[in-house]
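Trainee: Hi! Could you walk me through this model while I have it open?
Mentor: Happy to, let's look at it together.
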Amino acid sequence: MNSVQRIAGYDRYETAADVYKFARDVLTSQTTYLVTGENFPDALAVGSLAAKQSAGIVMTQRAYLPGSTYSVLSGPTDSPMNVVIIGGLAVVTDQIKYIVEGTVQPPYLLAGVTIVVDPGHGGPDTGAIGATGTYEKNNTLAVGLNLASLLRSAGARVILTRSTDVTPAVGTYSELSDLQARTKIANDQNADLYISLHNDAFSNPAVGGTSTYYSSASPVTAQSKALADSIQSELVKVIALNDRGVKDAAFYVIKNTKMPAVLVEIGFISNPTEEQLLGSSDFQRKAALGVYRGILRFKGY
Ligand SMILES: [Zn+2]
């Protein structure tokens with residue numbers, strides 16, 4: 001008996017992406033060709049070349065990169081892909097080039113997804129304080145604002161629990177009223193995801209690294225853990241701190257929110273090297289990018 005398989009996507013773009021994924025293990029070239037799916041001869045022109053090089057081919061529309069193609073080109077990979085676009089601007093626009101380069105986010109990726117971004121602490125609560133006097137609340141806010149902007153450019157509806165140095169607590173401030181307010185925002189808005197951002201601290205200044213927490217007391221534990229796994233692995237790839245792993249903890253905000261929820265400890269403010277990084281705007285942008293990529297990965301990209 002012969003073994004017969006069919007590879008068929010929903011449309012030609014998805015089919016090309018599925019073929020790529022099917023053959024990925026034997027594609028030895030780092031090059032992937034991106035051709036128009038609207039003009040068949042262009043794909044033919046590059047077909048024999050790609051075959052000779054053991055390179056992949058995926059397809060795009062002129063000004064719209066289909067999600068199936070995006071997931072191939074942006075997929076988590078340890079060695080970056082060398083993408084060659086076939087055809088001039090009349091065939092594939094620069095917008096597509098920017099999306100492939102990663103400088104522009106496709107606006108449809110997170111369309112319809114509501115994400116609560118929760119920069120930890122704020123207002124009267126400084127959070128942990130570093131040896132040189134830096135505040136956790138300032139570091140988490142900067143990462144939160146960067147993250148919100150990335151998520152919005154990918155089409156998400158983003159709600160920040162705070163966008164300035166305030167507490168979201170209503171009435172008299174207490175740690176509990178502050179945490180209750182953050183949780184209530186997410187639950188009232190029927191958010192799809194909840195991301196709380198923090199800096200870790202410990203008595204031993206040598207301890208450092210990144211951890212992501214989910215709660216087994218969450219009503220959607222499995223999804224929260226999957227989200228934590230994705231964020232932790234993508235974040236560590238980008239910021240390259242010690243990988244302390246994904247952990248279960250009953251933190252108030254990830255226990256009392258109804259949607260997949262995580263609490264990210266980006267690094268240790270009690271570690272002098274990490275304190276400096278956590279306060280730098282370049283590192284804050286990278287941390288936001290890592291969390292963002294983790295969210296995309298969780299969503300299947
Ligand atoms: Zn904190």
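Trainee: Let's start with helix α2. Which strands does it lie across?
Mentor: Helix α2, residues 40-53, lies across β1 and β2. Its direction makes about 170 degrees with that of β1. Keep in mind as we go that this is a predicted model.

Trainee: Noted. What order do the strands come in in that open sheet of three?
Mentor: The order is β2-β1-β3, and the pairing is parallel. The edges are taken by β2 and β3, each of which pairs on one side only. On average, neighbouring strands there are turned by 30 degrees against each other, ignoring direction.

Trainee: Is α3 mostly covered or mostly open?
Mentor: Mostly covered: seven of the eight residues in α3 (67-74) are buried. Those buried residues are S68, T69, Y70, S71, V72, L73 and S74.

Trainee: What covers them?
Mentor: The cover includes the strands β1 (31-36), β2 (56-60) and β3 (82-85). Helices α1 (12-23) and α4 (94-101) are also among the elements covering α3.

Trainee: Changing topic, what's the strand order in the six-stranded sheet?
Mentor: That open sheet runs β5-β4-β6-β9-β7-β8, and its pairing is mixed. At the edges are β5 (157-160) and β8 (243-248), each with a single partner strand, so one side of each has no neighbour in the sheet. From one strand to the next, the twist averages 20 degrees.

Trainee: Can you remind me what holds sheet strands together in general?
Mentor: Strands of a sheet pair through backbone hydrogen bonds, either parallel or antiparallel.

Trainee: Which strands does α7 touch?
Mentor: Helix α7 (221-239) packs on this sheet and touches β6 (193-200), β7, β8 and β9. Its direction makes about 170 degrees with that of β7.

Trainee: Now the inside. Which residues touch the most other members of the largest nonpolar core?
Mentor: Those are L151, V262 and V291, in a core of 73 residues. The largest share comes from helix α10 (281-298), which gives eight residues.

Trainee: Where does that core lie relative to the domains?
Mentor: The core lies between domain 1 (12-101) and domain 2 (114-298), because both give residues to it.

Trainee: I'd like to zoom in on L151. What is it in contact with?
Mentor: Setting aside neighbours within four places in sequence, L151 contacts L110, I115, A156, V158 and Y292.

Trainee: Last one, the whole chain. How many helices and strands are there?
Mentor: The chain has ten helices and nine strands. Its C-alpha atoms fill a box of roughly 70 × 45 × 40 Å along the principal axes. Of the 301 residues, 44% count as buried.

Trainee: And what share of the contacts join residues at least 24 apart?
Mentor: That share is 75%, counted among contacts between residues at least 6 apart in sequence.

Conventions. Residues numbered from 1 in each chain as written. Predicted model: local features only at pLDDT ≥ 70, side-chain atom pairs only at ≥ 80, totals over all residues. Helix = DSSP H or I, 4+ residues; strand = E, 2+ residues; numbered from the N terminus. Buried ≥ 20, exposed ≤ 12 C-beta atoms within 10 Å, placed from the backbone. Contact = placed C-beta atoms within 7 Å. Core = buried A, V, L, I, M, F, W, Y, C linked by C-beta atoms within 7 Å. Domains from an automatic or database assignment. Pairing = 2+ DSSP bridges. Axes fitted to C-alpha atoms, helices over the stretch in contact; angles between N-to-C directions.
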